[in-house]
Amino acid sequence: MTKVYVSSVIPAPAADVWNVVRDFNGLPGWAPFVAESRIEQNAHADRIGCIRNFTLKDGGRIREKLLALSDYDLSCSYAILESPMPVENYVATLSLTPITDGNMTLAEWQAEFDCTPEREAALTRQIGGGVFQAAFTALKQRFGR
Amino acid sequence: MVQVRQSTIIDAPIEEVWAILRDFNGHDRWHPAIASSEIDGGEPADAVGAVRHFRLADGGELREQLLALSDKDRRLSYCLLESPLPLMGYVASIRLKPVTDGNATFWEWRSEFHPPAHRRDELVKLVAEDIYRAGFAAIRNLLGRRAAATPAEARPSPAIMPSRPTGVAARPVPSPAILAPSGNMAETTRAILVERYGGPDVLQLKEIALPPPAPDEVRIRHTAIGVNFIDVYCRTGFFDLMRLPGVPGMEAAGVIEAVGAAISGLSVGDRVAYACPPVGAYAEHRNMTADLLVRLSDDIPDEAAAASLLKGVSASFLLHDVHAVRPGEVVLIHAAAGGIGQLLVQWARHLGATVIATVSSDDKARIVERLGAHHVIVYSREDFAEAVMRLTAGAGANVIYDAVGVDTFAGSLAALAVRGHLVSFGQASGPVGSWDIDRLASKSITVSRPNYAHYTNTPEKLAPHVDRFFTAFRQRAVRVGQPAAYGLANAEDAHRDLEARRTSGALVLMP
């Protein structure tokens with residue numbers, strides 16, 4: 001089991017950041033690497049069990065299933081069903097925590113997955129840096145003060 | 001029920017912040033509202049259930065109990081047991097999260113309690129601002145000061161740690177720092193590096209690399225370094241305590257500059273001293289395993305600690321454990337003007353013994369007389385065994401403390417009383433060599449050859465000696481003279497003077 005953990009400080013109130021990231025179908029609006037997204041079966045994007053089917057700007061297609069969504073904890077968990085990445089049992093959680101000092105937000109994104117040992121380092125780098133941190137960097141710029 | 005939640009970002013790696021916050025009894029060292037704190041019953045501060053009893057700067061007294069502690073989640077929960085304020089049912093928790101984007105730390109402090117309705121706003125504000133936000137600011141200041149302080153320290157490389165100590169101590173070799181926080185470039189410190197065993201000239205000042213402290217280590221900025229004869233034995237290779245290239249020295253005082261992730265009970269800024277392997281004290285900075293560090297109270301100066309901790313602890317177990325000196329006993333102390341000799345003379349007298357001292361010169365005789373020796377023998381002028389017999393009307397000494405070695409061993413046996421005890425704890429003049437133990441039967445003599453480590457290599461063994469010595473120091477039962485101070489770069493001169501017996505009292509190196 002490989003774990004990836006990335007966290008960052010977003011210079012905006014947690015409620016504002018949550019408004020952006022809670023939309024399970026909203027990745028194209030803030031994640032710089034996502035081209036377009038849809039929810040399969042015409043389901044609501046906040047219905048637990050719904051599947052988002054999105055295309056990366058590099059052409060890759062990913063299907064992910066919403067496992068948990070909490071407006072109380074400001075967190076969202078999902079599993080990969082299909083992706084170009086050689087990972088199995090991939091489950092990730094994106095969560096926000098208010099930082100009262102300065103009214104900002106701690107954003108955390110973590111994932112656990114299985115992969116072959118020789119691919120672990122590259123996948124950790126790709127997911128942690130190329131996906132999670134890249135998305136946080138975009139969020140920081142979006143809310144930049 | 002009200003909830004208070006405050007959180008902030010501290011610009012320091014999570015290991016550093018957690019090292020400070022996880023110490024349930026350490027808050028008096030960083031929180032401005034807290035004057036002093038102790039754990040009831042002397043329990044460890046990281047035992048769940050421990051109760052901290054603390055006083056506020058304004059005099060109020062509180063007791064709080066540790067309910068949960070997790071190094072995994074870096075989370076700590078506690079409740080209030082007694083307080084001058086009506087914070088009914090107060091349960092609080094602290095938790096940290098790493099901010100990987102920038103290597104900082106998220107710190108949340110939250111609580112729930114039932115205030116009386118008419119004081120609700122006042123108490124919420126007090127908890128949120130005077131306790132939590134004031135605490136944030138204090139830790140931010142503390143770590144900021146540390147970051148602005150000198151560059152980091154040195155641990156001798158693992159290659160120089162003793163793998164097979166003979167003369168002293170089996171202590172675990174510090175593990176390399178595998179959890180080095182990023183951003184620490186190759187740091188260095190100035191240190192005396194021995195590249196080959198030999199004379200004082202092998203003590204050369206060099207710039208050596210220093211990794212960040214391992215989880216079980218602290219990083220110390222030395223303020224004074226003790227020089228002991230055991231350092232000579234390390235330098236010459238007589239004791240297998242220092243692998244080459246290596247940094248000698250087993251005693252120093254200083255200030256903690258950083259703590260490893262697994263450290264509790266010690267914080268950045270604490271004044272500490274140590275007197276134990278592994279070697280490496282002859283350096284401006286070093287990393288050191290924390291278990292045998294001694295915290296220094298304000299009334300113990302750095303120089304005095306560096307000059308006397310090893311000798312004081314040694315004197316404590318020599319006079320109390322190896323042989324329990326009783327009032328009225330005749331105690332003979334060789335090399336009585338030396339660092340440990342001076343302590344033995346004063347302390348044995350304080351214990352009620354009749355003290356006979358031997359020294360090499362009249363100047364040293366005067367020093368020892370001033371310390372309270374009842375009789376002083378200048379052994380270069382007089383056979384000390386005969387003198388002891390004359391002074392004791394033929395009875396001899398009940399116990400003899402002899403670190404001189406080959407030059408005095410035979411005379412010491414001759415100077416002992418029937419059922420006397422010879423404590424041989426050094427060999428400054430050379431190894432004692434082989435002796436036929438049948439000779440001891442003529443007076444039913446006991447010979448002890450104590451090893452420092454066996455009396456001091458665990459916190460449990462060490463603590464009583466440290467307490468006893470510092471108590472004697474505070475009561476002025478033993479006085480530590482102003483040590484002769486040398487610059488760190490002049491360690492060579494210090495060793496030369498020590499070996500030539502040009503010194504009396506303790507020697508320290510000043511970084």
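Two strands pair if DSSP finds at least two bridges between them. Helices (H or I, at least four residues) and strands (E, at least two) are DSSP runs, numbered from the N terminus. The model is predicted: local features need pLDDT of at least 70, side-chain atom pairs count only at pLDDT 80 or more, and totals for chains, interfaces and linings use all residues. Residues are numbered from 1 along each chain as its sequence is written, while chains are lettered from A and ligands numbered from 1 in the order in which they are written.

**Exercise 1.** Find the strands that pair with strand 18 of chain B, and trace the path to strand 19.

*Solution.* 
- Step 1. Take strand 15 (residues 330-333) of chain B. Its pairing with strand 18 is parallel, over 3 bridges. Val331(B) has Val399(B) as its bridge partner.
- Step 2. Turn to strand 19 (residues 416-424) of chain B. It runs parallel to strand 18, joined by 5 bridges. Here Ala397(B) stands opposite Leu416(B).
- Step 3. Follow the chain. From strand 18 it passes through helix 8 (residues 409-415) to strand 19, a right-handed β-α-β crossover. Right-handed means that, with the strands pointing away from the viewer, the path from the first strand over the helix to the second runs clockwise.

**Exercise 2.** Decide whether strand 18 and helix 1 of chain B are covered or open.

*Solution.* 
- Step 1. A residue is buried if 20 or more other C-beta atoms, placed from the backbone, lie within 10 Å of its own; it is exposed at 12 or fewer, and partly exposed in between.
- Step 2. Check strand 18 (residues 397-402). It is mostly covered, with 6 of its 6 residues buried.
- Step 3. Check helix 1 (residues 14-21). Here 8 of the 8 residues are buried, so the helix is largely enclosed by the rest of the structure. Trp18(B) and Glu15(B) are among them.
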